[in-house]
Amino acid sequence: MKVTSREFQRDFTRIREAAAAGELVYVTSGNQEFLFQRVQPKTWQGALRGKAKIVGDLYSTGLDWESVK
């Protein structure tokens with residue numbers, strides 16, 4: 001989708017929904033062009049890709065514990 005900066009400001013809700021759906025939105029302002037898109041959230045698991053192998057339950061250390069009030 002290609003919109004002007006004026007359209008971008010006036011119809012931000014529709015453009016944001018399009019970007020959230022995965023569409024790339026090109027915003028033109030004068031002779032400049034900008035790209036508006038949804039950013040994929042980074043997870044800690046992505047940081048370990050190829051560097052470590054996770055074995056077992058991710059939510060448990062395997063140690064017994066109890067909370068103290």
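This is a predicted model: local features need pLDDT of at least 70, side-chain atom pairs count only at pLDDT 80 or more; totals for chains, interfaces and linings use all residues.

Analyst: The largest nonpolar core is made up of six residues: V3, F8, I15, A19, V25 and V27. Two elements, α2 (12-20) and β2 (25-29), each give two or more residues to the core. As a general background, nonpolar side chains in soluble globular proteins tend to be buried together. In the protein at hand, which has 69 residues, 10% count as buried.

The protein has three helices and three strands. Read from the N terminus, its elements follow the order β-α-α-β-β-α. The three strands form an open sheet, ordered β1-β2-β3, with mixed pairing. In this sheet β1 and β3 are the edge strands, each of them pairing on one side only. On average, neighbouring strands are turned by 30 degrees against each other, with direction ignored. Strands β2 and β3 run antiparallel and are joined by five bridges. The helix α2 lies across β1, β2 and β3, and runs at about 65 degrees to β3.

In β3, the residue standing opposite V25 is F36. F36 is also among the contacts of V25 once neighbours within four places in sequence are left aside; the others are M1, V3, I15, A19, F34 and L35. Of these, V3, I15 and A19 belong to the core along with V25. For the protein as a whole, 22% of the contacts with a separation of 6 or more are between residues 24 or more positions apart.

F8 leads from the core to the aromatic rings. The count of aromatic pairs comes to three. One of them is the pair of F8 and F36, which is edge-to-face, with 5.1 Å from centre to centre and 75 degrees between the planes. This pair links distant parts of the chain, since F8 sits in helix α1 (residues 5-10) and F36 in strand β3, 28 residues apart. F8 counts as buried because its relative accessibility is 18%, and the cut-off for buried is under 20%. Together with F12, F8 and F36 form one aromatic cluster.

Charged side chains complete the picture. In general, side chains of opposite charge can pair when their charged atoms come close. A search of the whole structure finds two salt bridges. One joins E33 and K2, whose closest N and O atoms are 3.3 Å apart. It links distant parts of the chain, with E33 in strand β3 (residues 32-36) and K2 in strand β1 (residues 2-4), 31 residues apart. E33 is partly exposed, at 45% relative accessibility, whereas K2 is exposed, at 59%. The other salt bridge is between the side chains of D11 and R14, at 2.4 Å from N to O. D11 has a relative accessible area of 29% and so is partly exposed; R14, with 40%, is partly exposed too.

Notes:
Residues are numbered from 1 along each chain as its sequence is written. Side-chain values use heavy atoms; hydrogens and water are left out. A salt bridge is a side-chain nitrogen of Lys or Arg within 4 Å of a carboxyl oxygen of Asp or Glu. Helices (H or I, at least four residues) and strands (E, at least two) are DSSP runs, numbered from the N terminus. Buried means under 20% relative accessible area, exposed over 50%, partly exposed in between (1.4 Å probe, protein chains only). Rings of Phe, Tyr and Trp (its six-membered ring) pair if their centres lie within 6.5 Å; planes under 30 degrees apart count as stacked, over 60 as edge-to-face and the rest as tilted. A nonpolar core is a set of buried Ala, Val, Leu, Ile, Met, Phe, Trp, Tyr and Cys residues joined through side-chain atoms within 4.5 Å. Contact means heavy atoms within 4.5 Å. Two strands pair if DSSP finds at least two bridges between them. Axes are lines fitted to C-alpha atoms, for helices over the stretch in contact, and angles run from 0 to 180 degrees between N-to-C directions.
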